[in-house]
Amino acid sequence: RAATMTAERGPSTRDRAEIAAREAVAAAARHLSEREAVFGAAALEARAGERAGGLANAAQIVQAVDRARGTGDLIARDQGARGRGFTTCEAVATERRMLAIEGDGRGTAVPALDRQEALRAVTTAAFFSQAKGHSWTEGQRTATMGLLTSPDRVSGVQGYAGTAKTTTVLSTYAKGMREKGYEVRAFAPTAAAADLLGGAIGAKGETVAKAVLTGEGIVKEARTRPEAWIVDEASMVSARDMAKVLGMAERSGARVVLVGDVKQLGSVEAGRAFGQLQDAGMKTHVLDKIVRQANDLTREAVEATIAGDGARALAALDKGGGRITEIAQAGDRRAAMARDFAALSPKDRAKTLVMDTTREGRELLTEAIRAELRKDGTITGESVRMATLENKGLTREEARMANGYEKGDVVTFRRDYERHGVAKGQAYRVDRIDREANRIMLRGPNGRAIDWRLDRWGRGQSEAYVAKEREFAKGDRVQFTRNDRETGRVNGLTGNVTAIDAERRAMTVRDARGREHKLSLDQARDRHLRHGWVGTVHGSQGATADRSMTHLESHRAMTVDAKTTYVAISRARHHAAIYTDSREKLADAIELRSGERQTALEPQRSGERKATALSL
């Protein structure tokens with residue numbers, strides 16, 4: 001009779017707890033696997049516990065993890081010193097698919113140019129480059145010849161920072177392919193990098209994210225003509241997006257050239273796709289002669305960080321490649337950096353890249369620099385305060401759940417939802433959150449309430465922001481933080497404030513390209529802005545300046561390593577300055593922390609790799 005009553009009433013309390021634990025573990029794995037291909041067991045259990053919200057206890061969470069491992073949804077992986085970890089069957093499948101597409105495309109394409117045609121193209125390009133005072137390296141010649149005559153659907157170019165990949169190899173490759181009737185497309189992880197690549201090779205630049213989003217349209221076009229796709233900064237492309245891009249190329253018959261540097265920082269999302277493809281045997285042309293640094297000692301410091309030799313890198317900077325400033329207290333270090341930056345002439349400031357490794361550090365250093373520039377009159381006159389919008393950086397799993405949001409957050413949508421009174425691009429404030437029902441009450445600019453049921457509409461079409469108060473004045477340097485093609489704004493583009501109208505709450509900005517922008521400080525599309533005096537090292541990857549100044553704290557194990565230091569120093573042509581808490585500990589960090597990320601698939605041993613390549 002008791003069993004019958006339980007069946008009639010639904011699952012028992014114990015059954016409900018097990019279901020909650022199972023769903024919580026699955027959600028936690030989806031969340032963690034977006035950023036890391038292999039994540040810690042402790043992190044998984046902690047996240048699942050939060051997600052369960054008291055509906056399941058710790059023991060039931062552990063049981064659910066064991067059950068997921070038994071079904072193959074979770075796969076155990078060793079994280080070395082970090083202990084036990086897991087990956088997901090989806091992550092493994094993504095990486096296998098990516099590697100299979102590249103492998104299946106080896107030797108299946110007809111070379112676009114024969115050897116004589118490729119040689120003429122390279123010789124001509126090198127001749128005109130020499131006339132401008134730039135000599136091609138042997139690596140640049142070999143790489144360009146190899147790409148133009150390649151029989152592979154997917155090829156790679158591994159080039160260290162400052163090896164002139166774009167202006168030599170890629171521009172010549174694009175020209176040669178067009179002359180053979182190919183349409184050339186330019187892709188990169190960021191809009192700034194895509195525009196830079198597109199401008200260099202004479203193509204419209206698009207972000208990888210946009211290409212993936214509009215994938216079927218691109219595939220349909222590419223099926224009507226031969227196409228060649230160049231993907232720059234490939235080390236910053238996640239395994240998920242790389243698999244999608246290669247899948248699009250496979251369906252359309254397009255050729256793909258992946259260009260990047262495995263020694264630099266990787267993608268925000270999971271995986272190290274570019275390095276993994278190289279490890280699996282993708283034909284890769286190597287450019288290792290650095291030509292960016294005009295200062296031999298700065299170049300020596302860059303080469304030392306590539307080799308993981310921290311002591312030699314810092315010694316080269318001391319000898320004349322830059323400078324090492326060692327100050328124990330963080331506040332004192334930032335104050336010293338601010339004074340040193342302010343001491344530069346306005347002309348030299350414009351040619352100097354200032355970096356920190358974290359967003360919080362960027363804000364603190366910005367405050368210190370602005371205080372110094374107020375003193376010398378660079379920043380002057382009346383100021384206005386603006387509620388700028390900072391992206392929350394939610395994972396896809398967080399974005400679909402109400403508990404990923406906080407009261408006061410700002411939400412925008414990428415499309416109209418007329419039935420709900422929602423307009424594309426308009427800002428809506430989070431007013432109330434019902435986590436159990438997965439509902440959020442939004443308030444529009446007119447105060448009207450909007451019932452956002454996340455399970456029913458808006459999923460995958462929203463962006464969440466935190467409103468952050470910032471002060472701006474004439475003379476300030478600013479940076480746009482969202483792509484807006486209609487206004488000509490690109491995420492990462494900087495500009496200077498030329499006028500402030502506090503009464504009308506308006507601001508005029510002239511960007512680095514010379515274009516003027518009239519901003520209304522209360523309009524949502526104009527609030528994607530921050531101060532531009534300081535950037536993060538990750539956000540500065542791909543930039544070049546005469547000088548760099550970087551704040552590197554040796555104790556930050558998650559953000560300071562060989563890759564970070566390499567990117568920071570290699571931005572500078574003439575002088576790289578580093579401000580640190582401990583010179584000795586920073587050298588150790590460069591040598592002991594490689595910054596390499598794990599992949600879902602176990603790394604192949606050399607013998608296995610050769611056998612796989614032969615079988616393909």
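User: Is Glu233 buried or exposed?

Analyst: Buried means under 20% relative accessible area, exposed over 50%, and partly exposed in between, with a 1.4 Å probe and protein chains only. Glu233 has a relative accessible area of 14%, so Glu233 is buried. Keep in mind that this is a predicted model, where local features need pLDDT of at least 70, side-chain atom pairs count only at pLDDT 80 or more, and totals for chains, interfaces and linings use all residues. Residues are numbered from 1 along each chain as its sequence is written, and side-chain values use heavy atoms, with hydrogens and water left out.

User: Where does Glu233 lie, and what is its phi?

Analyst: Helices (H or I, at least four residues) and strands (E, at least two) are DSSP runs, numbered from the N terminus. Glu233 lies in the loop between β7 (227-231) and α12 (239-252). As for phi, most residues other than glycine have a negative value. Glu233 is not a glycine, yet its phi is positive, about 50°. Asn438 also has a positive phi, about 55°, without being a glycine. Asn438 sits in the loop between β14 (428-434) and β15 (439-443), and it counts as buried because its relative accessibility is 5%.

User: Which side chain joins that of Asp526 in a polar contact?

Analyst: A polar contact is a pair of N or O atoms within 3.5 Å; within protein, one must be able to donate a hydrogen and the other to accept it, and residues adjacent in sequence count only if both atoms are side-chain atoms. The side chains of Asp526 and Arg489 are joined by such a contact of 2.7 Å. The Asp526 side chain also reaches the backbone nitrogen of Ser520 at 2.8 Å.

User: What about Thr559: where does it lie?

Analyst: Thr559 is in the loop between β24 (545-551) and α21 (562-570). With 25% relative accessibility, Thr559 counts as partly exposed. Apart from neighbours within four places in sequence, Thr559 is in contact with Thr357, Thr358 and Thr564. The side chains of Thr559 and Thr357 make a polar contact (3.4 Å).

User: Now the interface. What are the bounds of domain 3 and domain 4?

Analyst: Domain bounds come from an automatic or database domain assignment. Here, domain 3 is 296-385 + 471-592 and domain 4 is 388-467. Their centres, taken over C-alpha atoms, are separated by 32 Å.

User: How much area is buried between domain 3 and domain 4?

Analyst: Buried area is the accessible area (1.4 Å probe) that two parts lose on being put together, summed over both. Between domain 3 and domain 4 it is about 810 Å², with carbon and sulfur atoms giving 43%. Ten residues of domain 3 are in contact with ten residues of domain 4.

User: How many salt bridges are there between domain 3 and domain 4?

Analyst: A salt bridge is a side-chain nitrogen of Lys or Arg within 4 Å of a carboxyl oxygen of Asp or Glu. The count between domain 3 and domain 4 is three. On the domain 3 side that touches domain 4, the elements giving two or more residues are α18 (359-375) and β22 (529-531).

Notes
Contact means heavy atoms within 4.5 Å.
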